[in-house]
Amino acid sequence: MLLLRIAANEQIGKEFRLLAKAKEQLERSDEHMDYRALNTDMTLGDLEAWVKSQGEYFNSQMNWVFKTIQDYMERVKHRYMREYMPGKNKFFDEYHKAWEADAANGAGAGRYTLNDATVYYENLFKTYTGVDPQGNEVAFNNYELKDESDPSLRAYERAFIKNVKAEVEKSVKAIVAKKIKDGEIANYASADAWYEDNYRGQEGLLPIVTANMGERLAKGSVKGGINAYVEQNTNFNNLSLGTEKNLNRRNAAGLATANIGTGFGSYERIGRLGLSMEGEKVVVADPGRNASGSTDVQTLLDYFVYMNMKMEHEAEFTTVHAAAKTILLTQEVRAGKDRENELKTLDAVFDLLIYNERQEIQAAGRLNLAKVADTLRNVTTGATLSFNLQSAFLATFGDMYSMYSNALAKRYGKAFFGAGDLNKALGLMASDNKKFNDLIDLFLFQDMDESALIFSDKYKEGYKGVAKSRYSRIQQHMGERMVRGMLLVSQLYHDGLVDKFSYDENGQLSYDWSRDERGAIGQTILAKVQRRGTEFLPYDDVMLRSLSAIAGKMYGAFNDAERGRMDTNAIVQFFGQFRKFIVARGNELLSRGFENENIRWYEMIEEEGAQKVNVRLFYQEGIYQSVVHLFKESRRLSGQDASAWQSMRPEQRANIRKLYDYVTEGELLEGIKADWIESSQLLLSRA
């Protein structure tokens with residue numbers, strides 16, 4: 001459509017291109033970055049389109065889109081953890097304690113062993129009566145909390161429902177206020193007025209999510225428990241009841257707008273519940289679907305609040321996506337450049353990140369190939385890694401080896417941590433383990449995916465069951481936490497920041513900017529974190545994204561920011577489940593050179609006689625490519641005064657030093673073994 005509009009109206013096309021380019025340059029000028037040297041003219045190959053991750057595409061427009069998305073998503077995650085989580089945890093904790101102290105609830109305690117948290121909430125939901133297709137009267141669930149005035153509620157239950165509905169109202173008003181500001185909701189000057197007209201009375205409607213493994217097993221459904229194991233381990237893709245494609249995306253993922261409609265919510269919501277309306281009568285067309293939703297109020301509320309926070313920025317997401325797409329289409333039309341892979345990849349990854357949609361997979365009959373692939377991937381992961389101490393030890397050892405190897409070779413330059421900094425981080429882990437772990441959580445440097453923040457029992461208040469999903473792989477979890485924490489803390493030591501954090505009266509850790517000693521660079525970062533609402537951190541998106549990308553290259557790329565086109569297709573994802581680890585390592589050996597927009601750092605440069613803060617990009621090239629370059633340059637400069645070594649980039653020289661260390665220390669084969677063979681036992685757990 002955009003292509004047709006550009007071709008049909010050159011003036012409109014020209015103006016839109018100028019606006020898009022202006023927005024792109026305005027966004028980037030904030031970093032004082034010179035993008036003229038980027039490899040914008042390179043074409044994304046067929047294989048590269050599938051295996052590359054965000055920020056590593058050979059196209060600055062694509063990287064700009066995903067950099068912007070990740071920047072906003074990081075803000076949302078921090079806001080969710082610091083503004084929503086503490087208050088939510090407090091009133092859930094109070095409710096759980098009151099429920100446990102109530103003698104009438106003692107019979108349900110045994111269900112804790114299966115981690116069936118819904119035992120807390122059984123008395124909180126309304127029940128309704130409809131008819132089945134044969135006209136018989138049947139009960140059905142609408143996953144709606146009771147009114148506080150309901151006589152069946154105890155006092156502590158009324159207080160709890162009031163708190164939940166207050167969070168719902170706060171969340172709805174926040175997203176509506178942003179939509180009014182963006183011009184997407186007209187005829188209303190305030191979110192309060194909109195809420196009274198469109199949402200008041202529907203605060204009890206909770207999002208529709210399939211019940212987890214513990215819930216279904218506790219209710220005697222072994223088959224349902226197995227199905228839930230598959231679904232709850234595939235992020236958001238199978239969490240909403242129903243498999244029909246969601247045509248109205250603003251009703252997706254538990255958003256506030258999904259509830260607007262009839263007294264039972266929107267017609268789309270009713271359909272997902274296996275219900276239909278015949279006049280004023282509710283028909284329970286699919287009782288199985290209606291009964292398979294989760295009643296875990298904590299997870300449902302977390303899901304609702306997080307997704308509303310995220311979609312407050314939908315206008316920003318769609319604007320940069322449209323702008324980049326217009327520029328790519330223009331490059332095709334004006335310059336005759338092939339941008340098919342770029343456009344397909346941009347759309348597929350955008351839909352995954354923003355709307356949690358994967359590509360549809362058609363199959364003969366009723367076979368759901370995506371579910372088959374997800375099942376195989378999760379079953380093989382569980383069978384290979386669960387309670388596997390050997391794989392955890394080998395993976396942790398390999399990660400430590402990789403981290404020290406890169407530090408000794410100065411793989412990422414002087415701006416990043418060295419071996420001495422790693423030793424200091426190891427010391428902090430031993431001497432002040434609380435601060436070490438609090439720093440990891442402050443930076444969301446582990447378990448930072450949307451799915452983990454919303455669904456992981458790690459972040460649930462009052463979960464007492466032993467059947468927690470992460471327990472079977474706790475050894476891998478602990479090893480990963482140690483090495484990722486060491487990388488983060490070593491960089492903080494490198495920048496002289498570790499001792500500049502303090503705890504506030506609520507026990508939250510924050511950076512003390514009054515003690516910052518980084519001069520102009522520090523002031524540049526402070527201005528950005530103030531706009532982002534993350535003043536409690538000493539880094540903006542430049543260093544945060546760099547550390548995440550470096551961790552991905554050393555240990556494997558496994559978070560939201562490393563998701564790529566392969567993650568958009570369940571079949572390809574299954575066959576490429578080693579991709580996130582092996583491709584990261586393969587790029588270290590074989591990648592052609594390009595400016596990696598994921599790894600950047602601030603530096604002071606002199607320009608027109610004045611000192612200026614500049615952002616520099618990391619030049620990424622595989623070790624093999626650097627060796628070839630050295631030999632070619634040596635031949636070209638043979639007999640001349642110029643040195644082939646001096647003609648190489650610092651990153652290329654670091655590659656040669658790393659290879660030299662391997663060979664001279666007799667560790668080449670051992671290094672390959674540690675980096676490739678032994679760590680393969682960990683691959684499935686990180687897919």
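User: What does "buried" mean here?

Analyst: A residue is called buried when its relative accessible area is under 20%. Please also keep in mind that this is a predicted model.

User: Then is Met42 buried or exposed?

Analyst: Met42 has a relative accessible area of 17%. Because the limit for buried is under 20%, Met42 counts as buried.

User: Where does Met42 lie, and what is it in contact with?

Analyst: Met42 lies in the loop that runs between helix 2 (10-29) and helix 3 (46-51). Leaving aside neighbours within four places in sequence, Met42 is in contact with Phe58, Arg339, Glu342, Arg592 and Gly593. The C-alpha atoms of Met42 and Asn59 are separated by 7.0 Å, and these two residues are 17 apart along the chain.

User: Let us move to charges. How many salt bridges are there in the whole structure?

Analyst: The search of the whole structure finds 36 salt bridges. As a general point, side chains of opposite charge can pair when their charged atoms come close.

User: Which residue forms a salt bridge with Arg532?

Analyst: The partner of Arg532 is Asp71, and their closest N and O atoms are 2.6 Å apart. Arg532 belongs to helix 20 (residues 519-532) and Asp71 to helix 4 (residues 60-101), so this pair ties together parts that are 461 residues apart in sequence.

User: Are Arg532 and Asp71 buried or exposed?

Analyst: Arg532 is buried, at a relative accessible area of 8%. Asp71 also counts as buried, at 10% relative accessibility.

User: What about Glu450 and Lys310?

Analyst: Their side chains meet in a salt bridge, with 3.0 Å from N to O. Glu450 is in helix 18 (residues 450-455) and Lys310 is in helix 11 (residues 297-311), so to speak distant parts of the chain, 140 residues apart. Both residues are buried.

User: And how far apart are the closest N and O atoms of Lys500 and Asp499?

Analyst: In that salt bridge they are 3.5 Å apart. Lys500 counts as buried, at 7% relative accessibility, whereas Asp499 is partly exposed, with a relative accessible area of 46%.

User: Which residues are linked in a network of salt bridges?

Analyst: One such network links Glu169, Lys173, Asp192, Glu196, Arg200 and Glu203.

User: Changing topic: how many residues are in the largest nonpolar core?

Analyst: That core has 73 residues, and those with the most contacts inside it are Ile69, Tyr121, Leu124, Phe160 and Val297. Among the elements that give two or more residues to it are helix 4, helix 5 (155-181) and helix 12 (314-335). Helix 4 supplies the largest share, 16 residues.

User: Why does this core lie between domain 1 and domain 2?

Analyst: Domain 1 (104-238 + 247-312) and domain 2 (389-557) both give residues to the core, so it lies between them. In general, nonpolar side chains tend to be buried together in soluble globular proteins.

User: What does Tyr121 touch?

Analyst: Not counting residues up to four places away in sequence, Tyr121 touches Phe92, Tyr95, His96, Phe160, Thr295, Asp296, Val297 and Gln298. Another core, of 51 residues, lies apart from the largest one; among its residues are Leu487, Phe501, Val542 and Leu547.

User: And where is Tyr120 found?

Analyst: Tyr120 is in the loop between helix 4 and strand 1 (128-131). Tyr120 is buried, with a relative accessible area of 2%. A polar contact of 2.7 Å joins its side chain to that of Glu100.

User: Which residues of helix 17 are buried?

Analyst: In helix 17 (residues 433-442), the buried residues include Lys435, Phe436, Asp438, Leu439, Ile440 and Leu442. Just after this helix, Leu444 takes a positive phi of about 50°.

User: Finally, what is the mean pLDDT of the chain?

Analyst: The mean is 75, and 69% of the residues reach 70 or more. Confidence is highest in strand 6 (residues 509-511), at 94, and lowest in helix 28 (residues 680-683), at a mean of 40. Over residues 24-39 the pLDDT is below 50, and this stretch has 38 contacts in the model beyond near neighbours in sequence.

Key: Residues numbered from 1 in each chain as written. Predicted model: local features only at pLDDT ≥ 70, side-chain atom pairs only at ≥ 80, totals over all residues. Heavy atoms only, no water. Salt bridge = Lys/Arg side-chain N within 4 Å of Asp/Glu carboxyl O. Helix = DSSP H or I, 4+ residues; strand = E, 2+ residues; numbered from the N terminus. Buried < 20%, exposed > 50% of the residue type's maximum accessible area, 1.4 Å probe, protein only. Core = buried A, V, L, I, M, F, W, Y, C linked by side-chain atoms within 4.5 Å. Domains from an automatic or database assignment. Contact = heavy atoms within 4.5 Å. Polar contact = N/O pair within 3.5 Å; in protein donor to acceptor, adjacent residues only side chain to side chain. pLDDT = per-residue confidence, 0-100.
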